[in-house]
Amino acid sequence: MHSLSSIQNEKNFSFMKNTTYRCGGTAEIAYYPNSVKQASAVYDGLYKSGTDFVVLGNGSNVLASDRNYRGAVISTKNLQGITRVKEDSIFCYAGTTVPQLMKFCEEYGLSGLEYLAGIPATIGGLALMNGGAGGFYLADNVINIMLYNGSIRNFANKKCNFGYKYSIMRDINCLILGVELRIFIASSQKVKENIILYLNKRRGLPKGASCGCVFKNCGNLSAGKIIEEVGLKGVSLGKAFVSSEHANFIINGGTSASDVYNLIKTVKEEVFSQVGIKLEEEVVYIGDF
């Protein structure tokens, strides 16, 4: 049994420094487990003490409140590593980043995951949100998910209830430890070419502090297109603004999470008022707004 004090931790954890929106207040403490054993111990310690906590990977799909979060962060940044399980599968610990995965796949000639190239996320975060790009989603490759919620459990793909930007893990209090992914054998050169292809596709995306796409698409309707058609491209509130390149990106040009949050709310209200469509956020909120 690990004592929580023996696990790497940081007091006054800054969401501003650890999320891609580059804003938000602080959490009382963050823990950085580097193994399944440590991660399980952190979960148990916080759960048993009744401490609220959030799990953070790369912080790329979240908006943290400016108000300080009265709880803890479990960061998966040190829970990294990739191993070959079978000829057609690999296991990635939750904190493994997409660039690390791409490097591994290129080195060993493993194909089927190149569509992830350029996404600023960890594998755990992608599994939670069923992230992806270009019409491909992680669910297409997931064999099973290793998670912890008092005991280690393995959820086969079907048990994850994957949907559009959704998995069952969003609805249960758990910690994703790692993911087994299906891959295909290819030449390193072919994998490299595929990675470059997907990276080039992402080059046109807006620059600046953002969470990527803020809203889910509405069936076959692009959320960005809907926002653009109601005339909200380029609209600003405080230092936050709707990108003039891609209307589903809200860029934070300052340090205020409230500006971003209020602009998201304004866009939702205006879209509903004009065309009767209720946009639903992809971005996950942390703390009270």
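**Charge pairs and a sheet**

Author: Glu-282 is buried, and Lys-165 is buried as well; buried means under 20% relative accessible area, exposed over 50%, and partly exposed in between (1.4 Å probe, protein chains only).

Reader: Before we go on, what kind of model is this?

Author: This is a predicted model, where local features need pLDDT of at least 70, side-chain atom pairs count only at pLDDT 80 or more, and totals for chains, interfaces and linings use all residues. Residues are numbered from 1 along each chain as its sequence is written, and side-chain values use heavy atoms, with hydrogens and water left out.

Reader: OK, what do the side chains of Glu-282 and Lys-165 form?

Author: A salt bridge, at 3.4 Å from N to O. The term means a side-chain nitrogen of Lys or Arg within 4 Å of a carboxyl oxygen of Asp or Glu.

Reader: And where do the two sit in the chain?

Author: In distant parts, 117 residues apart: Glu-282 is in the loop between α7 (257-275) and β18 (284-286), and Lys-165 is in the loop between β12 (152-156) and β13 (175-182). Helices (H or I, at least four residues) and strands (E, at least two) are DSSP runs, numbered from the N terminus.

Reader: How many salt bridges are there by that rule?

Author: The count is 5. Another one joins Lys-216 to Glu-280, with 3.0 Å between the closest N and O atoms. Lys-216 lies in the loop between α5 (188-202) and α6 (223-229), while Glu-280 lies in the loop between α7 and β18, 64 residues away.

Reader: Is Lys-216 buried or exposed?

Author: Lys-216 is buried, at 11% relative accessible area, whereas Glu-280 is partly exposed at 46%.

Reader: What about Lys-268, which residue does its side chain meet?

Author: Glu-281, in a salt bridge of 3.1 Å, N to O. Lys-268 belongs to helix α7 and Glu-281 to the loop between α7 and β18, 13 residues apart. Lys-268 is partly exposed at 27%, but Glu-281 counts as buried at 16%.

Reader: Switching topic: what's the strand order in the open sheet of 5 strands?

Author: β6-β7-β13-β11-β12, with antiparallel pairing; two strands pair if DSSP finds at least two bridges between them.

Reader: Which strands stand at the edges?

Author: β6 (82-86) and β12; each has a single partner strand, so one side of each is left without a neighbour in the sheet.

Reader: How many bridges join β11 to β12?

Author: 5, with β11 covering residues 142-148 and the two strands running antiparallel. Asn-144 stands opposite Ala-156 in β12.
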